[in-house]
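Thanks for coming, everyone. Let me put the structure up, and then I'll walk you through a few places in it.

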Amino acid sequence: MAGAIRFLLGQAERTLTDVPPTLTVLEYLRRHERRMGTKEGCAEGDCGACTVVLSEPDGEGGLKHRTVNSCIQFVPVLHGRQLTTVEDLKAPDGALHPVQQALVDRHGSQCGFCTPGFVMQLYAGWLEGELTDRQAIKDWLAGNLCRCTGYGPIIEAGLDAARAKGPNAAASANVAKALDRINSGAMLHAESHGCQVFGPRSADELAEVYLQYPDAIIVAGATDVGLWVTKQHRALRTLIDITRVKDLALIEEDETGLTIGATVSHRDATEALARLHPDLGELMRRFASFQIRNAGTVGGNIANGSPIGDLPPALIALDARLTLRRGVERREIPLENFFIAYGKQDRAPGEFVESVFVPALRPEHRFACYKISKRFDQDISAVMGAFRVKLDGRKVSEARVAFGGMAATPKRAAKAEAALTNRMLDNTSVEAAAAALAEDFAPISDMRASKDYRLKAAQNLLRRFHLENSAGEKPETRVLELS
Ligand SMILES: Cc1cc2nc3c(=O)[nH]c(=O)nc-3n(C[C@H](O)[C@H](O)[C@H](O)COP(=O)(O)OP(=O)(O)OC[C@H]3O[C@@H](n4cnc5c(N)ncnc54)[C@H](O)[C@@H]3O)c2cc1C
Ligand code: FES
Ligand code: FES
């Protein structure tokens, strides 16, 4: 292998020189390190049994931590980071970590497969001081799927653990220094078993490498790409791991709107999106799980071109613009034009998604977005609807209506928009627009929903948007989770 993947496993430095770059972190832990505490349940990011913590310097002398599903992460993501598994939690004298002790005291265990994942997810919540109340803990645990046995006591244990003393700042600073040393070396380039990986650290390095290897697979959060390997058994030859590209991980916010860099994780984007509109915050809370949101990126959610991705319909309704870059050349396009057909996007070889600009809402705008899925948390949308209308009094001067799950791409509803534009926003125009949705879309039936359900749900979302924006007494239109 030319070059090596260097990281900390717990406190010990590791150098990997002869493993395929598509080896998953889970396989590495179990087969190479014989660390059997991290379990495999689903191998597709759904169950949380394989949860581990990745830590990296936060730029202020400390560490930033995030849990990820090790079953779908490839080993290059470890380079320059610290990997913590359930084996690392016990103190050298054998004392249990406060999270483990609280779980023991509260009898908060699941089976042997699920418990380590719950421990690691609560441990990360404890590290970040975010186990603040029951609802926060439920959100943290949404990606630890099983509810067989001790879910109530697990939540109590989380509340107990939150009262224990937090992490040791001096120890974190030492780890951050050790990681800075690894990261100060040359750009990662490793090759083994017929597969090579590059780890650019800036958009310029990425642009250069991608021009040289336009057939390479960009790996951002790996929450799609990981499954190509674990489920589809695809052999990937050249990877560009963009998880270290610092200047694409930035969010800029001003009165005109938000610019979100391609490698900003869903979790990091959530607060800024929620400031733009609370529905976007709620959408992100229900986007997959904590572990997936910690890894998955805004750029990946757009670039994968999925017809059921959650962000594209919302961003299209908001009139977002996408910046693409190839070498030193950049171009900006309306986001909706990026999606050409199923599996086909407007992206040339060697061109990558650099950022997306989301215009701020104006006082005359009304906006809402709604996700319909079978399960409240950690589920892919059956239908995702997003609406932005510009009102002049009660008259609609502009309408943007976009849906996911209704066509082969995320798509605007041109006929429904026309039925609303230059009309009063009232039952008559909304019913005309609802009828027009049947002309805009011919959805398909699949395991998530039938075509009839999809169309009916889309029409009802439009009605709901109208009800929520009607003058006078408002009916209850949102089901709130009870704590
Ligand atoms: C358990 C689970 C639950 C999920 N739940 C949801 C959900 O609720 N809603 C939802 O929308 N999605 C969901 N997903 C799908 C996935 O998490 C998201 O689409 C995510 O945003 C993908 O981003 P990523 O960074 O992980 O992409 P990756 O897997 O790294 O990449 C995806 C694709 O985009 C390309 N790519 C990535 N970044 C760039 C870039 N900057 N420029 C060019 N190409 C790029 C890659 O080459 C690849 O083709 C879920 C996935 C899993 C496994
Ligand atoms: S094994 Fe199920 S999420 Fe990884
Ligand atoms: S499968 Fe592990 S507790 Fe349900």
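Cysteines to begin with. A disulfide here is a pair of cysteine sulfur atoms within 2.5 Å. The structure holds 0 of them. Cys42 counts as buried because its relative accessibility is 19%. Cys71 is buried too, at 3%. Buried means under 20% relative accessible area, exposed means over 50%, and partly exposed is in between, with a 1.4 Å probe and protein chains only.

Some housekeeping. This is a predicted model, where local features need pLDDT of at least 70, side-chain atom pairs count only at pLDDT 80 or more, and totals for chains, interfaces and linings use all residues. Residues are numbered from 1 along each chain as its sequence is written, chains are lettered from A and ligands numbered from 1 in the order in which they are written, and side-chain values use heavy atoms, with hydrogens and water left out.

Now the ligand. How many residues surround ligand 1? The count is 33, and the closest are Ile218, Thr223, His266, Thr297 and Asp310. To be near, a residue needs a heavy atom within 4 Å of the molecule or strand. By class, that shell has 15 nonpolar, 11 polar and 7 charged residues. Ala, Val, Leu, Ile, Met, Phe, Trp, Tyr, Cys and Pro count as nonpolar; Asp, Glu, Lys and Arg as charged; the others, Gly among them, as polar.

Which elements build the shell? Strand E8 (217–219), helix H8 (225–230), helix H12 (298–303) and strand E16 (351–359) each give at least two residues. H12 has the largest share, 3 residues. Helices (H or I, at least four residues) and strands (E, at least two) are DSSP runs, numbered from the N terminus.

Look at the oxygens of ligand 1. One oxygen atom is 2.6 Å from a side-chain N or O atom of Thr297. A backbone N or O atom of Ala220 lies 2.8 Å from a ligand oxygen. For a polar backbone atom of Ala222, the distance to a ligand oxygen is 2.9 Å. On its own, ligand 1 has 970 Å² of accessible area, and the protein covers 94% of it. Areas come from the Shrake-Rupley method with a 1.4 Å probe; for residues, only the protein chains shown count as cover.

Stay with Ala222. It sits in the loop between E8 and H8. Its relative accessible area is 5%, so Ala222 is buried. Its phi is positive, about 60°, although it is not a glycine. Most residues other than glycine have a negative phi. Arg34 also has a positive phi, near 55°. Arg34 is in the loop between helix H1 (25–32) and strand E3 (51–57). Is Arg34 buried or exposed? Exposed, because its relative accessible area is 56%.

Next, packing. In helix H10 (residues 278–285), Asp279, Leu280, Gly281, Leu283 and Met284 are buried. Their cover includes helix H9 (266–276) and strand E17 (365–372).

Two more stops. His97 is in the loop between strand E5 (82–84) and helix H2 (98–105). His97 is buried because its relative accessible area is 9%. Leaving aside neighbours within four places in sequence, His97 is in contact (heavy atoms within 4.5 Å) with Leu89, Tyr123 and Trp126. Gln459 lies in helix H17 (residues 451–468). With a relative accessible area of 13%, Gln459 is buried.

How values were computed: Polar contact = N/O pair within 3.5 Å; in protein donor to acceptor, adjacent residues only side chain to side chain.
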